[in-house]
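This report is for a reader who is new to the structure. Please look at the sequence and the model before reading on.

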Amino acid sequence: MNRAMNILSIPRRVRKSFPAFSRLPLGLWPMFFCVLAATTQCYAQDDSAQKTSAGYVPVISGAFAYIQNATGGAQTLTPQIVPVLLVPMGHSLLIESRVEFTGFFQREDGTSGRYAGKVFKTIDYAQLDWLANTHATAVVGRYILPFGLYSERLAPVWIRNLQDTPLTYSIGTHPDGAGNGFMLRGVAASTASHTIQYSAYMSAHNSITQLPAMRVAGGDTSIFFPAGHVEAGLSYQRSLEGYQINNEAAYLSWQPQRASVDLKAEYDRNHYGDGYWIEAAHSPQQFFVAPDFFRHFQLVGRMEQLFTRNGGGNGLPRVNEQRPEVGLNYQIRDDWRLESNYGRLFSANGNTNIWNFGFTYRFVWPLWPGRKS
C-alpha cells in the first residue's frame with residue numbers, strides 16, 4: 001500500500017514538551033525549515049481548493065501467509081497474520097495501524113524431532129494522519145521509517161518478491177523499522193514531466209517491548225519521471241542517542257515501458273557497514289506457448305553484498321557476506337500467490353543454502369457498507 005503520511009508545523013508549547021526535538025543536529029535544521037516553508041506556501045495556494053471526502057467506512061485489510069524455510073538443513077515454519085486497520089474520520093483525518101502476528105516454529109533437534117516455537121506480536125505502525133493539503137500530510141504516533149526503498153514499500157509479506165530481507169536491511173531501520181513521534185511528508189512539486197516527494201521525521205526513544213524505537217531524525221526525498229518510469233531517491237538519518245551515527249541510502253527504481261520488468265536497486269551505508277542489492281522481476285506477457293497461463297508467473301533475481309566496517313554489528317553481520325537469489329512466484333488470483341525462492345549465502349562463517357516455499361493471501365474487508373453522500 002502506497003502510504004503518503006506526514007506532519008505539519010509544531011506549536012511552541014508542543015516543542016517544549018519534547019526536549020529531544022531541541023537537540024536536533026544543526027545540519028538537519030535547514031531541511032526542516034525548508035520543508036515547513038514550502039508546506040506553508042503550498043497550503044496558502046490550496047485554501048480555495050474544493051475539499052473532497054475519502055469516505056467514512058472503516059476497513060480491515062492485510063494478509064495471511066505461510067512460509068516454510070530451510071537454511072542449511074534446518075527447517076522453520078512461519079505462519080503469519082497481518083491485519084491493517086483504516087479508520088477515516090471526515091475529509092482529512094485517518095487512523096491507520098498494522099500489527100503482525102508471526103509464528104516461528106522449528107524442530108527441537110535442529111533437523112529432527114517435533115516442531116516447537118511461539119507466536120510474536122509486533123506493532124508496525126499506529127498513527128493519526130492529517131491531510132493538510134495536496135502537498136503535505138502530518139503524522140503523529142508510531143510510523144514506518146521512510147528510509148530507502150525496502151522498509152516502507154516492499155517489506156510487507158504480500159508485496160515482497162523474495163521472502164528474505166536484504167543483508168543491509170537493518171541500516172536505517174534498526175531495531176524495529178519504526179519511529180515514535182512526528183513526521184511530515186508529501187509532494188513538493190508535481191508537473192507533467194516529474195514529481196518530487198519528501199518526508200522529514202523526528203522519533204523519540206522507547207524501550208517498551210511492543211513499541212521499540214530509537215531517538216533519530218531524518219528525511220527522504222525522491223524524484224519520479226513518469227515518461228521513463230524512473231524514480232531516484234536519497235535517504236538520510238541521524239541517530240541521537242548512544243553512539244551517534246549517520247545512516248545513508250541511495251536508491252533507484254525503473255519499469256521499462258517496452259518490457260514487463262521491474263528493476264530496483266539500493267545502496268546503504270553507516271558506521272558498521274555498507275552494501276547494495278539489485279533486484280529484477282519479470283512477468284512474461286507474450287509467452288509463445290499458453291500466454292494466458294504463463295503471464296501469472298513471476299521470475300525474480302536478486303544480487304546483494306554486505307561489507308562490514310569497524311567490526312560490523314548493530315544488526316549487521318560481523319563478516320562480509322554476499323547472497324545471489326532467484327525466485328519463482330505464481331499469481332493464482334489477484335489475492336492468492338504461491339511463492340518459492342532459492343539463495344546461496346557466501347560468508348566467512350560458512351556457505352549456506354536457503355530455500356523458501358509458501359503462499360500469501362491478501363484480503364480487504366469493509367466493517368460496514370458505505371453510505372453515499
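A residue counts as buried when its relative accessible area is under 20%, as exposed when that area is over 50%, and as partly exposed in between. By this rule, 43% of the 373 residues of the protein are buried. The model is a predicted one.

The protein has 5 helices and 16 strands. Its accessible surface comes to about 19,200 Å², and 61% of this is supplied by carbon and sulfur atoms. Among the contacts with a separation of 6 or more, 57% are between residues 24 or more positions apart.

| Strand pair | Direction | Bridges |
|---|---|---|
| β3 (residues 93–107) and β4 (residues 115–133) | antiparallel | 15 bridges |
| β4 and β5 (residues 136–144) | antiparallel | 7 bridges |

Single residues can be followed across these pairs. F105 has G117 in β4 as its bridge partner. D129 stands opposite V139, which belongs to β5. The link from β4 to β5 is a hairpin of 2 residues.

A separate site is R333. This residue sits in the loop between β14 (321–331) and β15 (336–347). Is R333 buried, exposed or partly exposed? Its relative accessible area is 46%, so R333 is partly exposed: the value falls between the 20% and 50% limits. R362 is 29 residues from R333 in sequence, and the two C-alpha atoms are 10.0 Å apart in space.

How values were computed. Residues numbered from 1 in each chain as written. Predicted model: local features only at pLDDT ≥ 70, side-chain atom pairs only at ≥ 80, totals over all residues. Heavy atoms only, no water. Helix = DSSP H or I, 4+ residues; strand = E, 2+ residues; numbered from the N terminus. Buried < 20%, exposed > 50% of the residue type's maximum accessible area, 1.4 Å probe, protein only. Pairing = 2+ DSSP bridges. Contact = heavy atoms within 4.5 Å. Areas by Shrake-Rupley, 256 points an atom, 1.4 Å probe, with all protein chains shown as cover.
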